[in-house]
Structure formats: structure tokens, C-alpha cells
Amino acid sequence: MKLYVLALGLAAVLTAQTPVSFLEGRNGGNGSAAATVVADLNNDGVPDVATVDPNNGVTIFLGNGDGSFRQLPPIGVVGSSIAAADFNQDGNIDLAVAGSVLLGNGDGSFQSPIVFDNSAVLVVTGDFNGDGIPDIAATSTFAATVQTFLGDGTGSFVAGPVTTISTSTLALNSMIVADFDSDGQDDLALAATTNFYGGTGYLEVLRGASQGNFSVSQVALGSSTFSRPSALAAADFNGDGHLDVAVADWYLNRVLIFLGTGGGFRTPIRVGVRPRQVRLPSRT
């Protein structure tokens, strides 16, 4: 499976706009990946990679520690999102793929899938009820709701609260977990648009309350009526102690940086992205 990495030097863009360069990448295999997660899946202290796509399922790449990987046979659980956590508290990393959980054996292999939601498309993991056990938040592409599934520490989940987001006509493209208001509770951010193929773009922010509940706020990405926010990232880009959000807008070739205030977000900084081909030096 070929792994393509798009690296955006956001911190550099916000300061001196210093060019960022990378060594030539290594090919990880053949195929395509809809989502990727990095974790130590075989407990050797070296980061590994798990990818998933809607056709071939989950593929595990065990890291060798030198930037190369060993590909394992695919696991037939398909999806377009993947998350990693120790759901059954046994010291091994597990995977959540769409609406299923794969419990890890600690050697890069996994047990048979446990289905917790047949309709889930986007999944993320966090501690949404504050009990120290990983939970799951899930939604489908055209859902107007986010469902929490509360972990019991054995790898099983109990359906938690359902949160309705701001607009019922949105298509949801990406979801991440972070504590945006620094209250110690995990929050959610979703990249959304009024139409799957492009429309008015929104950043949906769901602030964690208690027991898997959220309060919802909506931030428009701008005046354009033809955008498609497709990916999110959270970090403190300006070093003020508050988490910020970067939103990649696929159709408009831009990244919007929403600087956090600890209780909300400032007017976004728009960064234009112009894809170009770069000739990489060959290895000698």
C-alpha cells in the first residue's frame, strides 16, 4: 500500500514562513489508505502504522526502527476511519475501525472484531465521561448527531448520550479530539459542509460536559459557498497556551488556522496552498 504523506509546516507559516523540506519517503506497499494511525502495536518501543480503506480493510505496518516497515497480511474489517487506544486495559493497543473494535494481542495481530455500531463511519477515542477508561465517539457521514460509546474496561461499550450538531443538513468529513477550553474534559471538533460535494463549510465544536454529553457551537469557515473542509489538526500554533485548530479546505486549496482563546476561536488566518511537483534527490 502506498502511503502518501502531506506535511504542512503550520508553525513556520505562522512565523517566518521558512521552507520545510523532507527526505525521500519509503514506499510502504501497494493500494490506498483512507485513514492512518500511529501506535506501538507489538510492544517493542518502535512506532508502527495501521491503515484502513473501504475495500481492503486494515493493514498493519510494523516499524523496524530505521524508517522501514514490515507489512502484515490485511485484516478484513473495512472502513474510512481508525483510532487506537487500550480499550480493555491489558497493556496492548487496540483499534477502533468504523463501528468495530479490534482487540490487540500485543504482537501486531488482533482478535476478531467486536461490533458496537453498524452505522458508524467516523470514529475517535477519548475519555468522555472522566472515568479513565477510553471511550468512542462515532458518527456517519450524513448524520446530524454524534453518538458516544462508553467503555467498561473490558473492550465492551455501552451506548452513551447522543448530541445533535448545529445544522441538520451537514456532511461530516473529519473529527478530532482535544481539550479546547482547558477544563480537563475531552472535546470534539468536526469538519463539516452543507453538501458532500461542496457547500458552506463549518467547524463544529462539541465541548465535553459530563458523562459523554456535549454542548455545541458552530464556526463558519468564511464567506465562500463552495468549500469542502476535509481534515483537521489541533495544536498550540502561536504558543499562548491555548489549543488552535487547522482546517484543510480541499476545494479552495487553503488551510484555515483558528487561534483558540480558551473559550472560543478568533477570526481564521487563511493560508493558501498551491500544490506543486518537487523532484526528490535519488538515494546514493
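Start by selecting L102, which sits in strand β7; helices (H or I, at least four residues) and strands (E, at least two) are DSSP runs, numbered from the N terminus. L102 counts as buried because its relative accessibility is 0%. Buried means under 20% relative accessible area, exposed over 50% and partly exposed in between, with a 1.4 Å probe and protein chains only. Before going on, note that this is a predicted model, in which local features need pLDDT of at least 70, side-chain atom pairs count only at pLDDT 80 or more, and totals for chains, interfaces and linings use all residues. Residues are numbered from 1 along each chain as its sequence is written, and side-chain values use heavy atoms, with hydrogens and water left out.

Now show what surrounds L102. Leaving out residues up to four places away in sequence, L102 touches V58, I75, V77, D94, L95, V97, F110, Q111, S112 and P113, where contact means heavy atoms within 4.5 Å. Draw a distance from L102 to S112: they are ten residues apart along the chain, and their C-alpha atoms are separated by 6.4 Å.

**Next stop: the largest core**

Which residues touch the most other members of the largest nonpolar core? Select V58, I60, I82, L95 and V97, out of 16 residues in that core. A nonpolar core here is a set of buried Ala, Val, Leu, Ile, Met, Phe, Trp, Tyr and Cys residues joined through side-chain atoms within 4.5 Å. Colour β1, β2, β3 (57-63) and β6 (94-97) to see the elements that give two or more residues to this core. A second, separate core of 15 residues includes L172, M175, L188 and L206.

Zoom in on I82. Beyond four places in sequence, its contacts include A35, V37, A50, V52, L95, V97 and V123.

β1 pairs with strand β2 (residues 48-53) in the antiparallel sense over five bridges, and two strands pair if DSSP finds at least two bridges between them. For a landmark, pick V37, which stands opposite A50 in β2.

**Two loops with positive phi**

Select Q89, in the loop between β5 (82-85) and β6. Q89 isn't a glycine, yet its phi is positive, at about 55°. Q89 is partly exposed, with a relative accessible area of 43%.

Then go to A98, in the loop between β6 and β7 (100-102). A98 has a positive phi too, near 50°, in a residue other than glycine. Buried or partly exposed: which is A98? A98 is buried, with a relative accessible area of 10%.

**Over to T148**

T148 is in strand β11 (residues 145-151) and counts as buried, at 0% relative accessibility. Contacts of T148 beyond four places in sequence include F128, I136, V158, P161 and F214.

**The β13 to β16 sheet**

Colour β13, β14, β15 and β16, which form an open sheet of four strands in that order, with antiparallel pairing. β13 (171-178) and β16 (214-220) are at the edges, each with a single partner strand, so one side of each is left without a neighbour in the sheet. β13 and strand β14 (residues 187-193) pair over seven bridges, with I176 opposite A189 in β14.

In strand β16, select S215. S215 counts as partly exposed, at 42% relative accessibility. Leaving aside neighbours within four places in sequence, S215 is in contact with V205, L206 and R207.

**Last stop: colour by confidence**

The chain averages a pLDDT of 84, and 82% of the residues score at least 70; pLDDT is the predictor's confidence in each residue, from 0 to 100. Select residues 1-17, where pLDDT stays under 50. Finish at residues 276-284, where the pLDDT is below 50.
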